[in-house]
Each structure stands twice: as structure tokens, then as C-alpha cells.
Amino acid sequence: MKRILMVLVGALVVWQGAAGQNLVNEEEYRETVNLTMEDAKRMALENNRTLQNATLETKKAHAQRWQAIATMLPQADVSMQYQNMCGYKMAMSGFKIPLNPNGTISITASIALNGQMVVGALLSDLAIDMQDINRRNTELDLVIDVETMYMTALAMERTISILDSSKTNLETLYKATAGAVEVGAAEQTDADQIEVQLANVKNAISSTERSTELIYNSLALLLGCGPDKKLVLTDDLETLMNIDNAVELLKSDFNIQDNNEYKLAEKNVELAERNVIMAGMAYVPTLSAYYQYSAKTYFGEDEGFNMTPPNVIGVTLSIPLWSSGKNAAGITEKKIARMEAENQLADARDGLIIAYRQAKYDLINAYENYTIQEKSIDVMYRVMQSTTNKYQYGRASSFDLTNASTNLLNAQNNYISAVITLVNAQKALKQILEK
């Protein structure tokens, strides 16, 4: 049993090593793609599948409009028929009329027109407009999402860099303290406190690296570049954030007529109005006409009983008289739907105005918090440097050192959180302003 256990453990170690080596090799062979912010936005607009589907929906709406128009245009079809009565002769007034084998070819052209067809074509035009608004809205959201994800990834990388710096500093202090403990110049608890703080920093680095990987994967999904690419972001966070842009954004006026969500709500009202007209067209007559040409041929026999006219023309005018209230109820239903669409438009207008105001307040708060945290991290960094120097010369305790380190880590976390909050606040306001 011991031998079997040792073999299993050995196999597990080898498998884990091979798996780890495979991950390393996979990382080595991933294609590196260097991206500026503009490169990322351009790649997303070219490759994002959600945007591609939105574009396809617009094309599909064009195809549906042509289908609606085509129903009002002439239609033509051809049919062929073969009959063989197996030698049967029809008796009529003492005469035998042979029903010989025959074939018939018919060509029919027809056209039909009513009010519902005309309104249906107009509804197709409206559907194209709505799909185009959806496409533009998807494109705008995509660009803003790429900007936000790009800057968030840079902020997380900045966090890792800051934590690495803190880790290096704590490792140096821990080695110095451990050496002092060996010669009796310091207490073991001093080294233990620094070691615990160092472990916390390492754990924070690992957690942040995992979060950063998730952000990169999400960005790759937006760009549509696939998991086999390794993204390298080349722009600088401070340049991209450009705090002046946030201030300028706060000065922007909100024109609700430019908002895609409001445009869609307006189109819904227009759609509801046309549906009322469509329902009313149930009272309108339908005019249809057709022409049919037929040619009948007998195979190897004399012409038999033939009642197929070669040319037929027909015109039909269908006038609705009584529907037992069905058409009237249909009109009432569509009018109620129109009132609902008007209420939704009013809600959209009020909701967007409130959302705009809230987005401005959120951006102001995020901007103010960012400026505070930016100053705080600078102060905490200088406090950490001062405490480190004092600790090295015995003028500060290990408690003072770990406390300063904890305060610096908190300040760093608060700063990164403020950066991300500011980026998200700008995103929310941009989406409402359609910028």
C-alpha cells in the first residue's frame, strides 16, 4: 500500500508539473498585441460580435421592408400538370368521349392591394430607423466600455506596481529586523509583525493579479480578438484620465433629443400610432387582379374533352361589411397601446433628466474624492518613508512601522478605488450625453 501511495503521489506531482509547464508554454506562445486606446477602440468597432449583430439586424430590417413592398407588386408563377385517365372514355348523350393523356402549362400573373399592405411598408421603414438607432447605441456603448475597461486595467496594473514597491520595502526591513533579532538587538515580535504585514501585501498582490487577468479577458472579449492574444496596453493612465476632461464633461448641456434611448421611445410612439392606422385599414376594401394563360397538349392521341380556356382575366374588389365588432375592438386595442407608449415616452424623458442630474452629482463626488485620495496617498507615502528611516535608527517601533505600512496600503486602495469610481462616473455621464 505504501508503494502504491508513493507511486500515486509521484504521478500527481509529475502531472501538476506538466500542467504548470503547459501553462507556461501557452503563455510564451500567445501572440502579443500592443494597443493604444485608439487602437483598442478601432479593433472593437471592427471585430465586436455584438456590434456586428446590431449591424446585421439593420440589414435584416431592410430585407423585411423589401418583402413588405414586394407584396404590393405583381407576382407571377408557372405550373405544369400531366393527366392520364388510363384509356377511360366518358359517356355523354350516347357518345363516348375519350379522355386522352394530356399536359397543361399555366402562367399566372396577379396583384393585390389594400390599405394594410401600404401601412405595413411604412412600418418597415420605421423598423429600419429603430434598428439603426440600436446599432448606433450599441456602437457608442462599446466605445465607452472599451475606454472604461482599458483605464481600469491600467489602474489595476498601477495597483500591482505600488504593492510590489511596498513588498520590496517590507522584505528589506524584514531581513534587517531578522538580523537584528539574531544578535539580540531587536525582539522577535518586531520581526513577526513585519512578516505578517509582508504576507498581507503578497496576498493583496495575488488577488489584484487575478482581478487584472479577469479585466484583460473582458477587454479581449470586447475587442473580439480571441483568447490567444496577449494584450499590452501602451497608453499612460494619467494621460487618458485627463482630469480636465471630467471638468469639461460637467459643463456639457444635456439635449434629450440627442439621446438614443429617448429616440427609441419616440419611435415606439410613432410605431403605436401607425398600428392604430393599420387596424383601421381593416375597413378598407381590397383590390386584386390576375391574368392566366394556359396551354393544353394531348400526347399521341386526338384532342379529347377540353374545357381549358387559354386566357383568363379576373378582377376582385372585396369590401368588408360586418365583423361582429372584431375590427372595432382591434382599433381600441391599438389606441390603448399608443397611450401606453406615450406614458413610456414621458417616463423615459423624466428618467433621463433625473439620471443626468444624478450622473453629474456622481461625477462631482468622484472628482472631489479623487483629488483627496491623490493627496492622501502622497502624504501616506512620505509618512511611510519617514517611519522607515526612524525605525532603522531605532527611533520608531515595529508597531509604528506596520501601522504606517497599513495606512499606506489603505491609501493606495482608496486611491485606486477613487480612480475606478471616477472612470465609471465619466462613463455614466458620457452614455447619457451620447459622447
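**Exercise 1. Describe the surroundings of Ser 398, beginning with the residues that Ser 398 contacts beyond its neighbours within four places in sequence.**

Step 1. When neighbours within four places in sequence are left aside, Ser 398 is in contact with Asp 190, Gln 193 and Tyr 391, where contact means heavy atoms within 4.5 Å. The model is a predicted one, in which local features need pLDDT of at least 70 and side-chain atom pairs count only at pLDDT 80 or more, while totals for chains, interfaces and linings use all residues. Residues are numbered from 1 along each chain as its sequence is written, and side-chain values use heavy atoms, with hydrogens and water left out.

Step 2. Ser 398 has its place in helix 10; helices are DSSP runs of H or I with at least four residues, and they are numbered from the N terminus.

Step 3. The relative accessibility of Ser 398 is 5%, so this residue counts as buried, a word that stands for under 20% relative accessible area, whereas exposed stands for over 50% and partly exposed for what lies in between (1.4 Å probe, protein chains only).

Step 4. Between the C-alpha atoms of Ser 398 and Ile 336, which are 62 residues apart along the chain, the separation is 74 Å.

**Exercise 2. Find the aromatic pairs of the structure and classify each of them.**

Step 1. There are two aromatic pairs in the structure; rings of Phe, Tyr and Trp (its six-membered ring) pair if their centres lie within 6.5 Å, and planes under 30 degrees apart count as stacked, over 60 as edge-to-face and the rest as tilted.

Step 2. The ring centres of Phe 254 and Tyr 356 are 4.8 Å apart and the ring planes stand at 25°, so this pair is stacked. It links distant parts of the chain, since Phe 254 sits in the loop between helix 7 (243-250) and helix 8 (260-280) and Tyr 356 in helix 9 (residues 326-392), 102 residues apart. Tyr 356 is buried, with a relative accessible area of 12%.

Step 3. Tyr 370 and Tyr 415 form a tilted pair, with 5.9 Å from centre to centre and 35° between the planes. Tyr 370 belongs to helix 9 and Tyr 415 to helix 10 (residues 398-433), 45 residues apart, and this pair too links distant parts of the chain. Both Tyr 370 and Tyr 415 are buried.

**Exercise 3. Work out how helix 8 and helix 9 are oriented, and then do the corresponding work for helix 3 and helix 4.**

Step 1. The axes of helix 8 and helix 9 come within 8 Å and cross at roughly 170°; axes are lines fitted to C-alpha atoms, for helices over the stretch in contact, and angles run from 0 to 180 degrees between N-to-C directions.

Step 2. This makes helix 8 roughly antiparallel to helix 9, given that angles under 35 degrees count as roughly parallel, over 145 as roughly antiparallel, 65 to 115 as roughly perpendicular and the rest as oblique.

Step 3. The residues of the contact of helix 8 with helix 9 divide into 12 nonpolar, four polar and eight charged, where Ala, Val, Leu, Ile, Met, Phe, Trp, Tyr, Cys and Pro count as nonpolar, Asp, Glu, Lys and Arg as charged, and the others, Gly among them, as polar.

Step 4. Helix 3 (residues 49-70) and helix 4 (residues 115-182) pack at about 175° with axes 9 Å apart, and these two helices are therefore roughly antiparallel to each other. Their contact has nine nonpolar, nine polar and six charged residues.

**Exercise 4. Describe the largest nonpolar core.**

Step 1. The largest nonpolar core has 57 residues, and those with the most contacts inside it are Leu 223 and Leu 231; such a core is a set of buried Ala, Val, Leu, Ile, Met, Phe, Trp, Tyr and Cys residues joined through side-chain atoms within 4.5 Å.

Step 2. Helix 10 gives the most to this core, with 11 residues.
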